[in-house]
Amino acid sequence: CAAVIATFACSVRCLGHCAVEARTMFRPVALGSRRWFTRSAPARNLLARNVRYFSESTTQLSLDQPFPGIPELKPAKELPPPELQTTVLPNGLRICSIDHYSQGCSIGCFIDTGTKYEEVHGICSHLEKMAFGSTELRGSGEMAEALDLIGANTGAHLNREQCYFGLEVLRDNMHEAVGLLSEVVQKPKFDPIDIQEAQYLMDLQR
């Protein structure tokens, strides 16, 4: 309680200090029936310091010069047209890929199974809600942190014929995303807490 009170008192002092600075920086001037606020000398000095700081700390690049750190771009007519490539691994896994020369990429895993194969009604909905949760290698919190580190958008969808798990990340994070996606698909862990959360979400949708 003492820490909370001290923090509150410090916040009040800070707000009061800001209010005093605001009153000294802006002064009212009567013009006819209205009151206008004009910048005082402290306000003008503060603005001048900010302008001088930004002008000294930033470099103005010409529009005809490349920005440092950005790879050189090529016109679309100089690039080969995107073509779908299909590869079949020795274990029968089929990989379809296409390069659109974008800075983002989408990675998805389609499995030929759906609601028509479920023996317990609603199990597919549970799996959809539990996607990208706990695995055999990490908990749900660690998985969420790993996804946040690469800025991934997750998606899961199950229908009658297929189920889909996918990620959307930047191009540079593709390898990490493939590893996380394979972990979610191949090594899921059905934690009781995740099952309860999935059941809660299903109850809300009814």
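The model is predicted. F190 sits in the loop between α5 (174-186) and α6 (192-205).

Helix α5 leads on to a helix pair. Two packed helices are described by the angle between their axes and the distance between the axes. For helix α4 (residues 140-149) and α5, the axes come within 11 Å. They cross at roughly 155°. Angles over 145 degrees count as roughly antiparallel, so α4 is roughly antiparallel to α5. The crossing of the two helices is left-handed.

Which residues in α4 and α5 meet? From α4 come M143, A146 and L147. From α5 come L180, E183 and V184.

Next, the charged side chains. How many salt bridges does a search of the whole structure find? The search finds three. One of them joins R171 and D99, whose side chains meet at 2.9 Å, N to O. This pair links distant parts of the chain, 72 residues apart. R171 lies in the loop between β7 (163-170) and α5. D99 lies in the loop between β4 (94-97) and β5 (104-111).

The loop holding R171 lies between β7 and α5, the loop holding F190 lies between α5 and α6, and L180, E183 and V184 in α5 meet residues of α4.

Note on methods: Residues are numbered from 1 along each chain as its sequence is written. This is a predicted model: local features need pLDDT of at least 70, side-chain atom pairs count only at pLDDT 80 or more; totals for chains, interfaces and linings use all residues. Side-chain values use heavy atoms; hydrogens and water are left out. Helices (H or I, at least four residues) and strands (E, at least two) are DSSP runs, numbered from the N terminus. Axes are lines fitted to C-alpha atoms, for helices over the stretch in contact, and angles run from 0 to 180 degrees between N-to-C directions. Angles under 35 degrees count as roughly parallel, over 145 as roughly antiparallel, 65 to 115 as roughly perpendicular and the rest as oblique. A crossing is left-handed if the near helix is turned anticlockwise from the far one by less than a right angle, and right-handed if clockwise. Contact means heavy atoms within 4.5 Å. A salt bridge is a side-chain nitrogen of Lys or Arg within 4 Å of a carboxyl oxygen of Asp or Glu.
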